[in-house]
Amino acid sequence: HGQSQWNLENRFTGWANVPLSVQGRVEARQAAELLLSEDLEIDVCYTSVLERAAETATICLDAWEAAGRTRPELLARWRLNERHYGALTGLNKREALSSPDINAADLRYWRSSFEGRPPPMEPDHPHYSRTARRFERLRDSARSPLQMSDIPLTEGLADTRARVNHLWVRELLPQIKEGKSVLVVGHANCMRALISCIQTDLRDEHLPSLGVPNALPLVYSFDSTGEPITGVPGRCYVKPLGAHYLGEGCVLFNEMDADGSGALDASALDDSAFCQIAWTEDDDFDFDALNNLDDDCGARLLEEADNNNDGLVDFNEYMSWWSKLPVPEPKVSSRESYVDMI
């Protein structure tokens, strides 16, 4: 989905029903343009029941229909909801790292492991999931019987994968085997879970750091048996994914990722033109300044972009940082020309 208001505020969102930001709506329209630029058909679209995903899907399908394409059926499924962050829901991610009430090691385990679960949400939490109103919204979208006890109060990535896998096996994969093209609009962790259902060769430790940026289409191709087709020449991949990203971000990231690891350290960032841009505060950006990068620029940028504090910038963190860069005017009038100048 496009950037939500809590993405902008760097908060744990989970099942909280947060709307898109203004930027998120722009990103959704840009995603639609990227999809329209490809030789693709969309036979059916799935989304979570949360507003930020549903609105992103609607914006994309509106653009799709406006371009003369056949509007596909839109299906909302609670199994595509974001990972439930339990008691962390609503907290600022960086502030949580320094909170006296949260052990930093525990927080890293909850965020970076496959099994780790944050403390469960209590009934007095302002975004408590098991209210009658929230239950009705979920039940209306479910194809199978849903009980209040099915609604989680916290989840690890393993739990998220289990519920997403149910949808993959029962609905998504059968349609793919029928030759249908399926658009899925969800959330970072439910997408990581879906990726692991598709790419069964991925190890569990890969999943927490897989880059799944806001509103950037990721395209899997399949053979007639439902197995993914990977490594197609001319397409842009970020390891360890077997799908290709649309747009210029993937290309630029791979140019900096010299060792092909799928993540950037301070030295890779230090050598890039992005460093100077990140620390320029003048609205009238001087591109000649790119020739005068300061020595610790990479380390400073790493500190700014490394949201999970693991010492590396993955593709998701890179794109999140990149989306916040100011686009100079009038020298540069669009994101495309900005990329061309870099």
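Residues are numbered from 1 along each chain as its sequence is written. Because the model is predicted, local features need pLDDT of at least 70 and side-chain atom pairs count only at pLDDT 80 or more, while totals for chains, interfaces and linings use all residues; side-chain values use heavy atoms, with hydrogens and water left out.

**Helix packing**

Two packed helices are described by the angle between their axes and the distance between the axes. Here the axes are lines fitted to C-alpha atoms, for helices over the stretch in contact, and angles run from 0 to 180 degrees between N-to-C directions. Helices (H or I, at least four residues) and strands (E, at least two) are DSSP runs, numbered from the N terminus.

| Helix pair | Angle | Axis distance |
|---|---|---|
| α7 (residues 157–177) and α8 (residues 188–198) | about 60° | 8 Å |
| α2 and α3 (residues 51–66) | about 45° | 9 Å |

The angle in the α7 and α8 row makes α7 oblique to α8. For reference, angles under 35 degrees are roughly parallel, over 145 roughly antiparallel, 65 to 115 roughly perpendicular, and the rest oblique. On the α7 side, L157, T160, R161, V164, N165, W168 and L172 meet N189, C190, A193, L194, S196, C197 and I198 of α8, where contact means heavy atoms within 4.5 Å. By class, this α7 and α8 contact has nine nonpolar, four polar and one charged residues. In that tally, Ala, Val, Leu, Ile, Met, Phe, Trp, Tyr, Cys and Pro are nonpolar, Asp, Glu, Lys and Arg are charged, and the others, Gly among them, are polar.

As for the other row, α2 is oblique to α3, and the crossing of α2 and α3 is right-handed. R25, A28, R29, A31, A32, L35 and L36 from α2 meet E55, T56, I59, C60, A63 and W64 from α3. That contact has nine nonpolar, one polar and three charged residues.

**Aromatic pairs**

There are eight aromatic pairs in the structure. Rings of Phe, Tyr and Trp (its six-membered ring) pair if their centres lie within 6.5 Å; planes under 30 degrees apart are stacked, over 60 edge-to-face, and the rest tilted. F12 and Y85 make a tilted pair, 5.0 Å centre to centre with 55° between the planes. F12 sits in the loop between α1 (5–8) and α2 (22–37), and Y85 in the loop between β2 (73–76) and α4 (93–97), so the pair ties together parts that are 73 residues apart in sequence. Both F12 and Y85 are buried (buried is under 20% relative accessible area, exposed over 50%, partly exposed in between, with a 1.4 Å probe and protein chains only). Elsewhere, Y245, F253, F315 and Y318 form one aromatic cluster.

L74 belongs to strand β2 and, at 37% relative accessibility, is partly exposed. Not counting residues up to four places away in sequence, L74 touches C45, T47, A57, T58 and L61.

Next, the backbone. K239 and P240 are joined by a cis peptide bond, with omega about 0°, and P240 lies in the loop between β6 (228–229) and β7 (244–245). N10 is not a glycine, yet has a positive phi of about 60°; N10 is in the loop between α1 and α2 and is buried at 18% relative accessibility. A215, also not a glycine, has a positive phi of about 55°. A215 is found in the loop between α8 and β4 (218–219) and is buried, with a relative accessible area of 15%.

Note on methods
A crossing is left-handed if the near helix is turned anticlockwise from the far one by less than a right angle, and right-handed if clockwise.
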